[in-house]
2 protein chains.
Amino acid sequence: MASGRRTIKDVARLAGVSLGSASRALSGAENVSEDTIARVQRAAASLRYRPNHAARSLRSRSTKTIGCMFSDMTNPLYAKLFDMLEARLERQGYMTLISNTSNQLDREIRSLKLLAERGLDALIVAPAHERNRELNDLLQQLPMPYLVLDRELLVKADTIFFDHAGGLARVVEHFAALGHKRIGLVTANLKSRPGRRRIAAFKTALRANDLKVIDENLVLPPSSMSSAFDDVIKLLSRKDRPTALVVQGTGVLSSTLNAISVLGLRIPDDLSLVSIGRADFIQHHVPAISTLRVDYERLSNEIAEHLFERLGNNNGHSSRKPPPPLRRLFPYVFEERASTAPPRKVLAPAL
Amino acid sequence: MASGRRTIKDVARLAGVSLGSASRALSGAENVSEDTIARVQRAAASLRYRPNHAARSLRSRSTKTIGCMFSDMTNPLYAKLFDMLEARLERQGYMTLISNTSNQLDREIRSLKLLAERGLDALIVAPAHERNRELNDLLQQLPMPYLVLDRELLVKADTIFFDHAGGLARVVEHFAALGHKRIGLVTANLKSRPGRRRIAAFKTALRANDLKVIDENLVLPPSSMSSAFDDVIKLLSRKDRPTALVVQGTGVLSSTLNAISVLGLRIPDDLSLVSIGRADFIQHHVPAISTLRVDYERLSNEIAEHLFERLGNNNGHSSRKPPPPLRRLFPYVFEERASTAPPRKVLAPAL
DNA sequence: ATGAAAGCGCTAACAC
DNA sequence: GTGTTAGCGCTTTCAT
């Protein structure tokens with residue numbers, strides 16, 4: 001890196017004060033005179049001084065950086081969350097370091113090691129491999145506080161869970177109230193918590209509404225971004241095809257819409273549809289698609305607040321008692337738009 | 001951060017060697033005996049030693065980190081590039097720090113300052129505001145080498161441009177060869193280079209093929225991710241509607257497909273279509289969509305190689321002559337798939 | 001309120 | 001090949 005970079009020493013010399021005073025003036029400490037602050041700031045500006053981050057964090061033991069390890073940034077939902085989070089944390093002077101692991105265990109492990117040695121102030125993690133021993137050990141040994149996003153790890157950790165049960169219950173009730181009897185779920189067959197919970201919650205919600213659980217109505221393409229096209233075509237070609245569909249809002253949704261369009265079915269006349277998680281590309285769809293979604297602004301606020309609270313406690317080094325781990329159930333919001341209507345068969349007699 | 005963290009001093013003591021030897025052993029230096037290496041590594045492992053990154057980069061003046069500033073990570077194209085880049089750089093021991101600015105000038109400026117003071121080894125930037133004075137000044141004062149991605153800045157800088165002209169020429173020739181006379185372009189009306197160049201290149205390509213430039217065929221929704229639905233509906237409802245469409249592969253593409261589906265038009269029977277940049281959500285579309293795309297794997301390799309070359313030169317501090325700035329024209333690849341065919345009117349007489 | 005001095009953990013330069 | 005030492009740029013005591 002540039003050797004000609006200005007240091008705080010240069011600033012102090014130019015301002016005619018000691019090194020310590022310059023530091024205090026720049027970091028807004030208590031015991032500095034107005035005059036000193038002014039002179040130091042002028043000197044810093046004229047030298048275009050920028051503090052050296054490595055030196056600062058070596059000494060102060062704070063990197064002012066928060067790390068995120070998400071399983072797949074290509075997933076627009078994570079991308080959106082990251083965007084909000086970054087904007088939110090930046091306001092407190094924190095930078096966000098992201099590490100994307102593409103659902104690969106080895107990348108998750110290397111990533112965790114790297115993040116650990118960089119001594120970030122805190123971490124937000126959503127590893128794909130919740131039950132891997134090495135990964136769990138690594139997390140446990142992490143020197144900084146960390147927050148888990150919708151994963152059920154082996155280790156006890158602060159976690160924000162998404163309320164899949166509540167969310168899917170809301171959607172199924174909505175369909176049931178409209179008179180739908182046959183409801184399908186199209187979602188990735190992932191092993192991680194969101195995948196597992198969505199399927200379980202869907203079945204539970206059906207039972208709670210006295211609806212039959214028809215396993216054929218569960219369309220489970222292997223990965224979160226892969227195509228559900230063929231499966232949806234098959235499902236919707238059946239004689240007793242579902243009249244309503246709950247669809248995961250990633251690539252699965254676009255291929256489902258594609259299949260619906262190819263079959264010439266109309267939404268909501270022939271088929272009602274609710275997406276889980278509003279994918280960006282769908283927000284202008286015609287007709288507007290009813291969505292079960294997470295309020296990412298609220299979520300990123302909650303994450304930030306929790307993190308800062310933990311960071312605060314951590315300042316006093318070994319505090320008396322470790323606080324109980326956070327276990328927050330974060331709600332989904334159901335936004336009814338134009339993609340749901342009563343099923344045809346029910347409407348017909350009324351005509 | 002944890003105060004009980006092990007340092008290299010602990011490792012050296014346990015291994016029974018000096019601090020310097022421990023350091024050399026761990027960083028794979030030249031002059032260390034096999035025996036020392038083994039003992040130090042054993043000691044490090046048993047202590048669960050992790051080097052302190054701040055100390056290391058303060059001393060060695062290298063952060064082993066490369067920063068990216070992209071205008072919008074929510075754009076799946078950037079997300080994909082970042083993913084490949086991260087995997088590529090990780091292999092050389094580099095971490096990738098991403099900063100997402102959502103096309104906001106103030107975030108770009110703050111971001112650049114933060115990245116600068118963290119003394120990253122190199123930067124990859126694609127700012128939305130190419131011609132902003134403050135942003136250009138900031139770039140010029142950057143202490144580390146940086147690479148610009150498809151932007152025309154005021155300052156001279158290493159840049160990889162995408163070959164929009166070559167790419168669009170290829171697509172228009174393809175359509176012309178199939179017999180299309182009326183070709184439309186649907187793309188965001190962004191002020192940044194990709195937006196500008198795409199439009200200009202499209203017009204040039206039409207002229208080169210003796211096709212009329214019909215301004216009404218240019219559909220320009222305001223932002224790269226916004227909806228083109230209404231505009232595409234209008235365009236395709238016209239009597240002399242285009243028989244072929246070139247569509248930007250972001251949210252614009254999904255809303256265009258949505259419009260086409262609502263109008264009941266079939267691809268490629270009623271309308272041929274090529275997307276620019278394969279959005280992830282479209283890779284399984286039926287019919288498969290012909291695409292003008294960037295080879296992100298190759299691109300990330302070129303970026304990495306260029307960066308390491310610049311880093312190499314930078315080691316020798318002020319080298320004799322600064323090398324001429326890189327101005328690389330990066331090619332598009334045209335992948336013909338199933339979404340293009342001769343126009344109907346031309347086929348009819350043949351029947 | 002200010003200056004002097006220590007030292008964060010590490011690597012690089014130098015001696016042997 | 002190894003140990004010793006200096007010092008990266010900064011914040012934080014500790015005097016005054």
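Author: By class, the surface near DNA strand D has ten nonpolar, twelve polar and seven charged residues. Do keep in mind, as you look, that this is a predicted model. In all, 29 residues surround DNA strand D, and the closest are A:Thr7, A:Ile8, A:Gly20, A:Ala55 and B:Gly20. Both chains take part: α1 (8-15), α2 (19-26) and α4 (53-60) of chain A each supply at least two residues of this surface, and so do α2 (19-26), α3 (34-47) and α4 (53-60) of chain B.

DNA strand C is surrounded by 28 residues, with A:Ser18, A:Gly20, B:Thr7, B:Ile8 and B:Ala55 the closest. For the surface near DNA strand C, the elements that each supply at least two residues are α2, α3 (34-47) and α4 of chain A together with α1 (8-15), α2 and α4 of chain B. The largest share comes from α4(B), with five residues. Sorted by class, the surface near DNA strand C has ten nonpolar, twelve polar and six charged residues.

How are the two chains themselves related? Chain B is superposed on chain A by a rotation of 180° with 0.1 Å of shift along its axis, and the RMSD is 0.2 Å. The two copies are thus related as by a two-fold rotation axis. Both copies use the same surface, since 96% of the contact residues of chain B recur in chain A.

In chain A, the axes of α10 (residues 229-237) and α11 (residues 251-262) come within 8 Å and cross at roughly 45°. α10(A) and α11(A) are therefore oblique to each other, and α10(A) passes α11(A) in a right-handed crossing. On the α10(A) side you will find A:Phe229, A:Val232, A:Ile233 and A:Leu236, which meet A:Ser255, A:Thr256, A:Asn258 and A:Ala259 in α11(A). The residues of this contact divide into five nonpolar, three polar and no charged.

In chain B, look at helix α8 (residues 164-178) and helix α9 (residues 193-208), whose axes come within 8 Å and cross at roughly 45°. That makes α8(B) oblique to α9(B). The crossing of α8(B) past α9(B) is right-handed. From α8(B), B:His164, B:Ala165, B:Leu168, B:Ala169 and B:Val172 take part, and they meet residues of α9(B) including B:Pro194, B:Arg197, B:Arg198 and B:Phe202. By class, the contact of α8(B) with α9(B) has ten nonpolar, two polar and two charged residues.

Terms used: Residues numbered from 1 in each chain as written. Chains lettered and ligands numbered in written order. Predicted model: local features only at pLDDT ≥ 70, side-chain atom pairs only at ≥ 80, totals over all residues. Least-squares fit on C-alpha atoms with pLDDT ≥ 70 in both. Contact = placed C-beta atoms within 7 Å. Near = placed C-beta within 6 Å. Helix = DSSP H or I, 4+ residues; strand = E, 2+ residues; numbered from the N terminus. Nonpolar A, V, L, I, M, F, W, Y, C, P; charged D, E, K, R; others polar. Axes fitted to C-alpha atoms, helices over the stretch in contact; angles between N-to-C directions. Parallel < 35°, antiparallel > 145°, perpendicular 65-115°, else oblique. Left-handed = near helix turned anticlockwise from the far one by under 90°.
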